[in-house]
Amino acid sequence: HSVREAEKRDLFYKAFKAKAMSDGKIKKKTGYLLQKAALSWLSLAVKSGSLVSGRAKVEKAILKGQLALLIEANNASDDGRKKLRSLKKAFEKETGERIELVSSFTVEQLSLALGRENVVHAAITNKHMAIRFNEFASRLEAYQQNQDKPEEIK
């Protein structure tokens, strides 16, 4: 259920067996927390050495066969997106593996999470890290499709 639907159907009351009032901000808080959880996985990927950022480094990772997941900022230019996406498709065709693409975050959000400036493109090279990050990013995307946009992490 979406948070909106849960509020309408009074599911919070039913779940807690007590009066539960929403302050009207629960949708934004939930979206913010899902966003924060996903971006935290990116920070872990950096610390573990499983993430590269910058178009040239991502391109190199793809060409070396090290791509486990491709990340692009949702406000990236079409030119940069096209080149890396075509390399990703070629990699998938050559290896027979499907590589996930995540474009749920802005340049500013990616930059903040990775502790670098102007992060537009990134790649996770460790399959386990890629799977876990994608789970969190998928939850966020599903939530955003059913709710109002969450506040951005600043």
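Glu97 is found in the loop between helix H5 and strand S3, which spans residues 100-102. In this predicted model, Glu97 is partly exposed, with a relative accessible area of 32%. Glu97 touches Glu92 and Lys127, leaving out residues up to four places away in sequence. Ala68 is 29 residues from Glu97 in sequence, yet their C-alpha atoms are 9.3 Å apart in space.

**The chain as a whole**

- The secondary structure comes to seven helices and four strands.
- Along the sequence, these elements follow the pattern α-α-α-β-α-β-α-β-α-β-α.
- The chain has 154 residues, and buried residues make up 38% of them.
- Take the contacts with a separation of 6 or more: 78% of them come from residues 24 or more positions apart.
- The accessible surface is about 9400 Å². Carbon and sulfur atoms account for 50% of that surface.

**Helix H3 against helix H7**

- H3 covers residues 26-47, and H7 covers residues 127-146.
- Their axes come within 9 Å and cross at roughly 160°.
- Angles over 145 degrees count as roughly antiparallel, so H3 and H7 are roughly antiparallel to each other.
- H3 passes H7 in a left-handed crossing.
- On the H3 side, the contact is made by Ile26, Lys27, Thr30, Gly31, Leu34, Gln35, Ala37, Ala38, Trp41, Leu42, Leu44 and Ala45.
- On the H7 side, the residues are Met129, Arg132, Phe133, Phe136, Ala137, Arg139, Leu140, Tyr143 and Gln144.
- By class, this contact of H3 with H7 has 14 nonpolar, four polar and three charged residues.

**Helix H3 against helix H6**

- H3 also meets H6, the helix of residues 107-114.
- The axes of H3 and H6 come within 8 Å and cross at roughly 50°.
- H3 and H6 are therefore oblique to each other.
- H3 passes H6 in a right-handed crossing.
- From H3, the contact uses Gln35, Leu39, Leu42, Ser43 and Val46.
- From H6, it uses Gln109, Leu110, Ala113 and Leu114.
- The contact of H3 with H6 has six nonpolar, three polar and no charged residues.

**Helix H4 against helix H5**

- H4 runs over residues 55-63, and H5 over residues 78-95.
- Their axes come within 10 Å and cross at roughly 10°.
- That angle makes H4 roughly parallel to H5.
- H4 passes H5 in a left-handed crossing.
- H4 brings Arg55, Val58, Glu59, Ile62 and Leu63 to the contact.
- H5 brings Gly80, Lys83, Leu84, Leu87, Lys88 and Phe91.
- Six of the residues in the contact of H4 with H5 are nonpolar, one is polar and four are charged.

**Arg85, a residue of helix H5**

- Arg85 has its place in helix H5.
- Arg85 counts as partly exposed, at 32% relative accessibility.
- Leaving aside neighbours within four places in sequence, Arg85 is in contact with Glu72 and Leu101.
- Arg85 and Leu101 are 16 residues apart in sequence. Their C-alpha atoms are 8.7 Å apart in space.

- Ala73 lies in the loop between strand S2 (69-72) and H5.
- Is Ala73 buried or exposed? Ala73 is buried, because its relative accessible area is 0% and buried means under 20%.
- Ala73 touches Arg81, Phe105, Thr106, Val107, Leu110, Val119 and Val120, not counting residues up to four places away in sequence.
- Ser104 is 31 residues from Ala73 in sequence, and their C-alpha atoms are 7.0 Å apart.
- Asn118 lies in the loop between H6 and strand S4 (121-124).
- Asn118 counts as exposed, at 59% relative accessibility.
- Asn118 is not a glycine, although it has a positive phi of about 55°.

How values were computed. Residues numbered from 1 in each chain as written. Predicted model: local features only at pLDDT ≥ 70, side-chain atom pairs only at ≥ 80, totals over all residues. Heavy atoms only, no water. Axes fitted to C-alpha atoms, helices over the stretch in contact; angles between N-to-C directions. Helix = DSSP H or I, 4+ residues; strand = E, 2+ residues; numbered from the N terminus. Parallel < 35°, antiparallel > 145°, perpendicular 65-115°, else oblique. Left-handed = near helix turned anticlockwise from the far one by under 90°. Contact = heavy atoms within 4.5 Å. Nonpolar A, V, L, I, M, F, W, Y, C, P; charged D, E, K, R; others polar. Buried < 20%, exposed > 50% of the residue type's maximum accessible area, 1.4 Å probe, protein only. Areas by Shrake-Rupley, 256 points an atom, 1.4 Å probe, with all protein chains shown as cover.
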